Amino acid sequence: GIHPDVTLIENGGKSIGVDRIRTLRQDAYLKPTEADWRIFMIADAHLMTPQSQNALLKILEEPPANVVIFLTALSRSLLLSTVVSRTVCVTVEPLGVSQCAAYLKTLYPSKPEEELLALSAAAGGCIGVANKLAEDGEYSKQLEMTRRICQAVALGDSAGLLLELGALEKNREFLSIFSKTFLSQLLGRARGEKDNPLSPLT
């Protein structure tokens, strides 16, 4: 279990409401029970609502001496500038596709290597994003659609391509993931990568 002086705030990919942050502010002034410090970790801090971020500002400006607050986010640009200016930013570069897939294999040993490579490519090497995609049951369907589109392009199958793109138009939520995966396929092909997650365009 988690240490009694460590608090993790996450919301399963959903927005983090202001009440969670207000509770954090209250708890931050409690003395540690076992350690010398109280640690608060806000996972996916970019999912905090603007109200939540504003509520966090005061504790960031004047935190108790024995408190450390960690925020993780996909990008600092997704946080309010007032929040960013009151933190020490540490940029963590994404892994390569192969490295990300290798880590996913430890979490999902039963998933095929090809699927893990595709997940890693769609996530841009970001383990957290790749893990969320792996947990999404719809992703395998989306991946198969991407494969079919790539195959239609490779074979010059205009009719098949139009059919798949028509289905894609009805699934706009998938467009972002598709564009990343398809672009990864093209870039990987241009670079001569051997661990390309989709069927080779030959």
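**Figure 1. Helices H1 and H2 cross in a right-handed manner.** A crossing is right-handed if the near helix is turned clockwise from the far one by less than a right angle, and left-handed if anticlockwise. The contact between the two helices (contact means heavy atoms within 4.5 Å) is made by Val18, Ile21, Leu24, Arg25 and Ala28 of H1, and by Gln51, Ser52, Ala55, Leu56 and Ile59 of H2. Two packed helices are described by the angle between their axes and the distance between the axes. H1 (residues 18–28) and H2 pack at an angle of about 10°, and their axes are 8 Å apart. H1 is therefore roughly parallel to H2. Angles under 35 degrees count as roughly parallel, over 145 as roughly antiparallel, 65 to 115 as roughly perpendicular, and the rest as oblique. Axes are lines fitted to C-alpha atoms, for helices over the stretch in contact, and angles run from 0 to 180 degrees between N-to-C directions.

The model is predicted: local features need pLDDT of at least 70, side-chain atom pairs count only at pLDDT 80 or more, and totals for chains, interfaces and linings use all residues. Residues are numbered from 1 along each chain as its sequence is written, and side-chain values use heavy atoms, with hydrogens and water left out.

**Figure 2. Glutamine 53 lies in helix H2, residues 50–61.** Helices (H or I, at least four residues) and strands (E, at least two) are DSSP runs, numbered from the N terminus. Glutamine 53 has a relative accessible area of 3% and is therefore buried. Buried means under 20% relative accessible area, exposed over 50%, and partly exposed in between (1.4 Å probe, protein chains only). The side chain of glutamine 53 reaches the backbone oxygen of methionine 48 at 3.2 Å. With neighbours within four places in sequence left aside, glutamine 53 is in contact with Met48, Leu78, Leu79, Leu80 and Val83.

**Figure 3. Aspartate 5 and arginine 38 form a salt bridge through their side chains (3.8 Å, N to O).** This pair links distant parts of the chain, 33 residues apart: aspartate 5 is in the segment before strand E1 (6–9), and arginine 38 is in strand E2 (residues 38–42). A salt bridge is a side-chain nitrogen of Lys or Arg within 4 Å of a carboxyl oxygen of Asp or Glu. The structure holds four salt bridges. Aspartate 5 counts as buried because its relative accessibility is 1%. Arginine 38, at 7%, is also buried.

**Figure 4. Glutamate 61 and arginine 86 meet in a salt bridge (2.9 Å, N to O).** Glutamate 61 belongs to helix H2, while arginine 86 lies 25 residues away in the loop between helix H3 (81–84) and helix H4 (97–107), so the pair links distant parts of the chain. Glutamate 61 is partly exposed, at 44% relative accessibility. Arginine 86 is partly exposed too, with a relative accessible area of 34%.

**Figure 5. Helix H5 (residues 113–122) is largely enclosed by the rest of the structure, because eight of its ten residues are buried.** The buried residues are Glu115, Leu116, Leu117, Ala118, Leu119, Ser120, Ala121 and Ala122. The side chain of glutamate 115 meets that of lysine 111 in a salt bridge (3.5 Å, N to O). Both lysine 111 and glutamate 115 are buried. After H5 comes glycine 124, whose phi is positive, near 65°.

Terms used: A polar contact is a pair of N or O atoms within 3.5 Å; within protein, one must be able to donate a hydrogen and the other to accept it, and residues adjacent in sequence count only if both atoms are side-chain atoms.
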